[in-house]
Amino acid sequence: MTEISVLRSVLYMPGSNARALEKAKTLACDGLILDLEDAVAPDAKEDARAAVCAAAASGEYGRRTVTIRVNGLGTAWHEADLAAAAAAGPDAVVVPKVSSAAEVLALVDALERAGAPERTRLWAMIETPTAVFDVRAIASASPRLSALVLGTNDLVKELYAEHVPGRAPLTTALSLSVLAAREAGVQVLDGVFNDTKDEAGFLAECAQGRQMGFDGKTLIHPSQVAPANETFAPSPEAVEDAEGLIAAFEAGAGSGVVTYRGKMVENLHVESARRTLAVAEAVRLLAE
Ligand SMILES: CC(C)(COP(=O)(O)OP(=O)(O)OC[C@H]1O[C@@H](n2cnc3c(N)ncnc32)[C@H](O)[C@@H]1OP(=O)(O)O)[C@@H](O)C(=O)NCCC(=O)NCCSC(=O)C[C@H](O)C(=O)O
Ligand SMILES: [Mg+2]
């Protein structure tokens with residue numbers, strides 16, 4: 001089984017918010033997106049760029065995956081952001097509003113020309129109608145691309161849709177993105193939930209994302225970290241069930257199909273159960 005990189009909870013924070021950059025060092029999130037795009041006002045962009053690059057290069061965020069979200073291609077800040085981010089060498093550079101495989105290749109080329117270290121991956125945001133139609137090509141465009149990140153606020157805006165419980169207007173885009181990520185073997189992170197006071201709504205959306213196959217969720221507030229961590233990790237019951245299922249299948253050695261707790265079990269279910277155990281183990285190792 002391939003190595004599992006745990007990204008249950010990935011928290012955005014405005015690059016211009018020094019307090020948030022500091023506080024992030026104490027939060028139990030798996031990843032951080034130090035933002036230079038939407039959360040930063042135009043006249044604060046340059047100071048924020050210096051602050052997030054210093055933070056990413058500081059090595060003070062421990063086991064957390066540290067990424068920098070640059071301003072998009074075609075904006076006044078993009079080239080300077082990308083060059084500075086490449087020099088800082090975060091775990092990934094997150095690029096908003098990526099719309100084609102050609103853009104992915106151009107971004108990878110720009111990262112390499114700017115001297116980004118090998119470890120710095122590219123994460124592409126899927127948040128426009130064009131990106132959704134081209135998501136399969138985007139996901140597999142380059143080995144340097146390691147994650148797709150859904151931008152559900154921009155998608156809702158572009159579709160003239162509405163944020164509704166259950167996210168019916170977005171399910172096609174969400175599912176296509178998960179399909180593309182799985183085919184390409186990259187990770188895929190669900191979009192943010194904007195109401196930081198609506199705990200039940202947030203939990204329901206985490207559960208939906210988990211059920212659809214997302215690896216984790218992007219977040220906007222520290223209060224969202226613990227519920228995301230819990231939802232996107234296998235529960236103790238799921239671990240116990242996976243162990244029992246594997247044992248039942250192995251006990252029926254030679255038979256291609258057995259039943260466990262009343263349900264049919266074939267080798268493909270065993271493979272899913274083994275993945276559940278591998279994710280649980282990767283999460284356990286993080287806590288050490
Ligand atoms: C949404 C917020 C503006 C709310 O801020 P605030 O009212 O200050 O929250 P609290 O008072 O409840 O904060 C409590 C403490 O937590 C710290 N804090 C808050 N948010 C963060 C954070 N994101 N990271 C780290 N720390 C955070 C506060 O500093 C307080 O600390 P203390 O003083 O010690 O008590 C705010 O949460 C916020 O700015 N969130 C992130 C917004 C953001 O980054 N937006 C851009 C990405 S979302 C997006 O657009 C995705 C995509 O592109 C799309 O299209 O969907
Ligand atoms: Mg966006």
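Colleague: Before anything else, what counts as a contact here?
Modeller: Two residues are in contact if their C-beta atoms, placed from the backbone, lie within 7 Å. This is a predicted model. Of the contacts in the protein with a separation of 6 or more, 70% are between residues 24 or more positions apart.

Colleague: How many helices and strands are there in the protein?
Modeller: The protein has 12 helices and 10 strands. Its radius of gyration is 20 Å, close to the 19 Å that the globule rule gives for 288 residues, so the protein is as compact as a globular protein of that length.

Colleague: And what does the C-alpha trace span along its principal axes?
Modeller: About 65 × 40 × 40 Å.

Colleague: What percentage of the residues count as buried?
Modeller: Of the 288 residues, 44% do.

Colleague: Switching to ligand 1. How many residues surround it, and which are the closest?
Modeller: There are 23 residues around ligand 1. The closest are Tyr 12, Ala 20, Gly 151, Asn 153 and Asp 154.

Colleague: Which elements each supply at least two residues of that shell?
Modeller: Those are β1 (9-14), α1 (18-23) and α7 (152-159). The largest share, four residues, comes from β1.

Colleague: How do the shell residues divide into nonpolar, polar and charged?
Modeller: The shell around ligand 1 has 11 nonpolar residues, six polar ones and six charged ones.

Colleague: Back to β1, then. Which strand is joined to it by three bridges, and do the two run parallel or antiparallel?
Modeller: Strand β8, residues 216-219, is joined to β1 by three bridges, and the two run parallel. Ser 9 stands opposite Lys 217 in β8.

Colleague: What about β7, how many bridges join it to β8?
Modeller: Two bridges join β7 (residues 187-190) to β8, and this pair runs parallel. Here Leu 189 stands opposite Gly 216 in β8. The chain gets from β7 to β8 through helix α9, residues 199-212, in a right-handed β-α-β crossover.

Colleague: One more residue, Pro 42. Where does it lie?
Modeller: Pro 42 is in the loop between β2 (31-35) and α2 (45-57).

Colleague: Is Pro 42 buried or exposed, and why?
Modeller: Exposed, because Pro 42 has 10 C-beta neighbours inside 10 Å, and a residue counts as exposed if 12 or fewer lie within that distance.

Colleague: And how far is Pro 42 from Trp 77, C-alpha to C-alpha?
Modeller: The C-alpha atoms of Pro 42 and Trp 77 are separated by 9.3 Å, with the two residues 35 apart along the chain.

Key
Residues numbered from 1 in each chain as written. Chains lettered and ligands numbered in written order. Predicted model: local features only at pLDDT ≥ 70, side-chain atom pairs only at ≥ 80, totals over all residues. Near = placed C-beta within 6 Å. Nonpolar A, V, L, I, M, F, W, Y, C, P; charged D, E, K, R; others polar. Rg over C-alpha atoms; globule rule 2.2 N^0.38 Å. Buried ≥ 20, exposed ≤ 12 C-beta atoms within 10 Å, placed from the backbone. Pairing = 2+ DSSP bridges. Right-handed = clockwise from strand over helix to strand, strands pointing away.
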